[in-house]
Amino acid sequence: MEFNSSVEFARQLDSDDPLKETRSKFIIPEVDGRQQVYLLGNSLGLQPVSAKSYLDKILADWSSLGVESFFHAKEPWMDYHDQLTGPLTKIVGAHADEIVVMNQLSVNLHLMMVSFYRPDNKRFKIICEAKAFPSDQYVFESQVRSHGLDPETAIIEVGPREGESVIHTEDIIAAINEHGDETALVIFSGVNYYSGQVFDMEAISKAARNKGSRVGLDLAHAAGNIELKLHDWQVDFACWCSYKYLNAGPGAIGGVFIHRNNHDDRVVRFAGWWGYDKSTRFRMEKGFKPMAGAEGWQLSTPALFLYATHRASLEIFEEAGWEKVQQKRRLLTAYTWFLLKEFNEGLEKKIIRFITPEEEQHHGCQVSMLMLERGREIYEALIRRHVIVDWREPNVIRFAPVPLYNTFSEVHQLVSVLRELVS
Ligand SMILES: *Cc1c(COP(=O)(O)O)cnc(C)c1O
């Protein structure tokens, strides 16, 4: 599509948008009765209007039926989990028995590493991206130490080349090939939280498997953002949180993918009663017998309140249709990049260096801009004008127009404010 930078064109894109109605299914934060331009769905997705009513239903079941709600509520709590896995199969590209919704992201990373990071004398290394999200770094480091190993030698980080901000796929593959025989686990994010770079997860998975290593993904910034095919890519496991692009609310319940190849009773895991074979769980017998699929990694009684808000958001994805969400995401990001580049290139002295890769296959919704001057001032001015973006040291403004509730006009507004501030 040929873009142009007029405001009329932005309005036209909005009126032609097949998903224009989905915005009304979210509560857009307001100041003095005016909606903010909220561009931080990569940090905390907005609240679905229906979240409250789903929470109320759980409260109502609890008050009228007590514990009986597990079996006798109109929507029995025992089966509530299935409402979540169905929609997630499309979003992450997996079979329902490969998905379990439980705990939170950092906790799940630990649990998956108990199963899939099993170092021995020969294979003990972890290959990951440099500057992974801090929680992931702490997880890797403490896991390594729990096996009596030294993070200095056991953790191999692949970073960008000198003076660059993007990590080349060929450098990742080269590191896997170099360390492969000593590597127990290759683990990357799908989308780097800072740069917004989308990694070639399929190529990474293939290279890791060729070397006989396990492969895992952290999809915190990928789930609900970009297209994923976890089953076909044959990754061993993946974890994600549900409060970013999945809009399930602060501290939302996380998600885990475990490939069918690993659905085996003999896979080592930390066990709890909710992972026990469903049909005989309540006999309360000694000796752990896991459920067959990913649910066999559950530990605790389900968090129904968290299920409820997650369900509210997943229903919106279902109603919109995942294909359509992806189509709009591609158009919205292409438009965003067009406007930003046109603005930056029109300046005598450029003010932005993009650290997010420009190529379509290497970015999702997020754009991270290194501001070459007046960064903090521009950031603060945007916030004052209710264009909500975030700030990361040293000089980076991050934001993400998301297809479910952001509009083309909002992106136009962001760039107009930038124009005005710089002129
Ligand atoms: C957001 C994010 C987290 C946060 O983990 P929680 O356990 O949900 O607090 C972890 N890792 C990555 C890559 C993230 O983007």
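Tutor: In this predicted model, Ala, Val, Leu, Ile, Met, Phe, Trp, Tyr, Cys and Pro count as nonpolar, Asp, Glu, Lys and Arg as charged, and the others as polar.

Student: Which residue has a polar side-chain atom 2.6 Å from an oxygen atom of the ligand?

Tutor: D136 has a polar side-chain atom 2.6 Å from the ligand, but the ligand atom there is a nitrogen. D218 also faces a nitrogen atom of the ligand, at 3.2 Å. For the oxygen atom, the residue is K244.

Student: What percentage of the ligand's own accessible area does the protein cover?

Tutor: On its own, the ligand has 390 Å² of accessible area. Of this area, the protein covers 85%.

Student: Why is one side of β13 and of β16 left without a neighbour in the sheet?

Tutor: The open sheet has four strands with antiparallel pairing, in the order β13-β14-β17-β16. β13 (352–354) and β16 (390–392) stand at its edges, so each has a single partner strand.

Student: Which residue of β17 is the bridge partner of D390?

Tutor: β16 and β17 (residues 396–399) run antiparallel and are joined by three bridges. In β17, the partner of D390 is R398.

Student: At about what angle to β13 does helix α12 run?

Tutor: Helix α12 (residues 322–345) lies across β13, β14 (367–371) and β17. Its angle to β13 is about 140 degrees.

Conventions:
Residues are numbered from 1 along each chain as its sequence is written. This is a predicted model: local features need pLDDT of at least 70, side-chain atom pairs count only at pLDDT 80 or more; totals for chains, interfaces and linings use all residues. Side-chain values use heavy atoms; hydrogens and water are left out. Two strands pair if DSSP finds at least two bridges between them. Helices (H or I, at least four residues) and strands (E, at least two) are DSSP runs, numbered from the N terminus. Contact means heavy atoms within 4.5 Å. Axes are lines fitted to C-alpha atoms, for helices over the stretch in contact, and angles run from 0 to 180 degrees between N-to-C directions. A polar contact is a pair of N or O atoms within 3.5 Å; within protein, one must be able to donate a hydrogen and the other to accept it, and residues adjacent in sequence count only if both atoms are side-chain atoms. Accessible areas come from the Shrake-Rupley method with a 1.4 Å probe; for residues, only the protein chains shown count as cover.
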